Amino acid sequence: MPEYQLFPDIKLIIGKYDTTSVMNAAVVNFCISGMCEYSVGQQYYYLKADNCIVLQNVNFPGTGISYSYDYRGITLLIDSQYRDAAFSDFLDMQELFRKMSRRERCILSADEKMRMLFSDIYKEHNSSKAAVLRIKVLELLNEREIAVCAQQGLIEQIGEFICRNTSDHYTISELSEMFRINPTTLKSMFRQVFGSPVYSYTKYREMFRAAELMCTSDMRIIDIAEEVGYCNPSKFSGAFREVMGVNPKYYQMEHKKLYADRNCLISENLTY
């Protein structure tokens, strides 16, 4: 996980990062490929290829992040107490935080210019072109206005309801009637808020939950499949591979290998 301190209060991370290691920071995360899940309290947000998520406060209670096996991405961590004025002629950080304060978190679909900027940053991150990277970060941070979702509170209630009832699959019509919202509005706003269509949201949550169980329990894959609502192992395997990038067995084996390597390293260090 290469990290670059581009400015005193702005850090660039290539690849995966852990929110527990980040303090008092706003986050701009762009997904190049694969997928990741942000959990904020009882709500879940999904970042897919060519999408960008902005979080005003990554230390919001209960915030965490999980990745698909094939995830590749770039993250900017911006100190929320930002005070550096070294390049104030190029970047108005107060204006940036004003934009971000309108939404605690939001997901943006990257336009061509944003995709090119992130692609350039990803390609150049290990070539010692610090000055180029800094300029591109400045361009990126000034690039987009963050739109406000007028019914975000209601949409988030719907998302939380879906996560509490993943074993039940509700249609757009049923949800719109239950929460008294126009079906077309529900579909468009839900994707804007959570980064996923309503019909995919449950599947994403189930697969990331399955991955979590593979990493934190000794359950068999067939039992994990049933735990997240799949009685057919082949259907579970196909859904897991579609979301997480590899089949369940491979994912579980790689996690156990990583866990064993970490324990081995810890044991070696304790012998000195």
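User: In which hand do helices H4 and H7 cross?

Analyst: The crossing of H4 and H7 is right-handed in this predicted model.

User: How is the packing of two helices described?

Analyst: In general, a packed pair is described by the angle between the two axes and the distance between them. Here, the axes of H4 (residues 152–164) and H7 (residues 198–216) come within 10 Å and cross at roughly 45°. Angles of 65 to 115 degrees count as roughly perpendicular and those under 35 degrees as roughly parallel; H4 and H7 are therefore oblique to each other.

User: Which residues of H4 and H7 meet?

Analyst: Gly159, Ile162 and Cys163 in H4 meet Val198, Tyr201, Thr202 and Arg205 in H7. The residues of this contact divide into four nonpolar, two polar and one charged.

User: Which residues have the most contacts inside the largest nonpolar core?

Analyst: That core has 52 residues, and those with the most contacts inside it are Tyr38, Ile158, Phe190, Phe236 and Phe240. H7 gives the most to this core, with nine residues. A second, separate core of 22 residues includes Ile10, Ile78, Met114 and Leu141.

User: What is phenylalanine 190 in contact with, leaving aside its neighbours within four places in sequence?

Analyst: Its partners on that basis include Ile155, Ile158, Gly159, Ile162, Val198 and Tyr201.

User: Is serine 68 buried or exposed?

Analyst: Residues under 20% relative accessible area count as buried. Serine 68 has a relative accessible area of 0% and is therefore buried. Serine 68 lies in the loop between strand S7 (64–67) and strand S8 (72–79). Apart from neighbours within four places in sequence, serine 68 is in contact with Lys16, Gly34, Met35, Phe208, Val243 and Met244.

Technical notes. Residues numbered from 1 in each chain as written. Predicted model: local features only at pLDDT ≥ 70, side-chain atom pairs only at ≥ 80, totals over all residues. Heavy atoms only, no water. Axes fitted to C-alpha atoms, helices over the stretch in contact; angles between N-to-C directions. Helix = DSSP H or I, 4+ residues; strand = E, 2+ residues; numbered from the N terminus. Parallel < 35°, antiparallel > 145°, perpendicular 65-115°, else oblique. Left-handed = near helix turned anticlockwise from the far one by under 90°. Contact = heavy atoms within 4.5 Å. Nonpolar A, V, L, I, M, F, W, Y, C, P; charged D, E, K, R; others polar. Core = buried A, V, L, I, M, F, W, Y, C linked by side-chain atoms within 4.5 Å. Buried < 20%, exposed > 50% of the residue type's maximum accessible area, 1.4 Å probe, protein only.
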